[in-house]
Amino acid sequence: QVTLVESGGGLVQAGGSLRLSCAASGRTSGRYTMGWFRQAPGKDREFVAAISWTGANMDVAESVEGRFTISKDNTKGVVYLQMNNLKLEDTAVYYCAADGRLYSRVGVSTQSRYDYWGQGTQVTVSS
C-alpha cells in the first residue's frame, strides 16, 4: 500500500506560479511511474504530467506544455509539479497518482493504470 499526500495548492493570481508536492509513504520500494491529474469544476479529471521512476522519461499535457514541469526526488520520495504562468483555466483540484508498471508514453495519461491516488490539493487562479 502506498499513501500519497499532495501539498502546495492555494490561491494565486493569473501569471503567477505554484509548486505542488506529492509525498509518498508506505510501500515505496517499488519503481512507480508518478502522475499528476486535475479536475476542474464540472469537468472530468484529466492528465497533466507524468514521470518515470528514474526521472529519465516524462510527459506533459499539451494544455500545460511550456508552463508546467514535473520532477522528482527519489531520496525524499517526493514528486513535484512546478506551475508557471498560471491561467484561469488551470483552476482545479490537482491529484497525484502512482502506477506500479513501467513507464509507457502511450499509457501514462490513462487514469485506470494508476493504482494509488492522493486526496488532492486545490489550486485556484484569480484574475
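The largest pocket is lined by 14 residues, and A24, T28, W53, N74 and G77 are those nearest its centre. This description rests on a predicted model.

**The largest pocket**

- Two elements, β1 (2-7) and β8 (78-83), each give two or more residues to the lining of the largest pocket.
- The volume of the largest pocket is about 190 Å³.
- By residue class, the lining of the largest pocket comprises nine nonpolar residues, four polar residues and one charged residue.

**Overall fold and dimensions**

- Read from the N terminus, the order of elements in the chain is β-β-β-β-β-β-β-β-β-β-β.
- Along the principal axes, the C-alpha atoms of the chain fill a box of roughly 40 × 25 × 25 Å.
- Among contacts in the chain with a separation of 6 or more, 59% are made by residues 24 or more positions apart.

**Burial and surface**

- Of the 127 residues in the chain, 43% count as buried.
- The chain exposes about 6,600 Å², and carbon and sulfur atoms supply 46% of that area.

- S17 is placed in the loop between β2 (10-13) and β3 (18-26).
- The relative accessibility of S17 is 40%; because this value falls between the 20% and 50% limits, S17 counts as partly exposed.
- Leaving aside residues up to four places away in sequence, S17 touches V12, Q82, M83, N84, N85 and L86.
- One of these residues, N85, lies 68 residues from S17 along the chain, yet the C-alpha atoms of S17 and N85 are separated by 6.1 Å.

**N85**

- N85 belongs to the loop between β8 and β9 (92-99).
- Although N85 is not a glycine, its phi is positive, at about 50°.
- N85 has a relative accessible area of 43%, so it is partly exposed.
- The contact between S17 and N85 therefore joins two partly exposed residues, S17 at 40% relative accessibility and N85 at 43% relative accessible area.

Definitions and conventions. Residues numbered from 1 in each chain as written. Predicted model: local features only at pLDDT ≥ 70, side-chain atom pairs only at ≥ 80, totals over all residues. Heavy atoms only, no water. 1 Å grid on protein atoms, 1.4 Å probe; cavity = no way out; pocket = protein on both sides within 12 Å on 5 of 7 lines; lining within 4 Å. Points joined across faces, edges and corners; volume = space filled by probe spheres on them. Helix = DSSP H or I, 4+ residues; strand = E, 2+ residues; numbered from the N terminus. Nonpolar A, V, L, I, M, F, W, Y, C, P; charged D, E, K, R; others polar. Buried < 20%, exposed > 50% of the residue type's maximum accessible area, 1.4 Å probe, protein only. Contact = heavy atoms within 4.5 Å. Areas by Shrake-Rupley, 256 points an atom, 1.4 Å probe, with all protein chains shown as cover.
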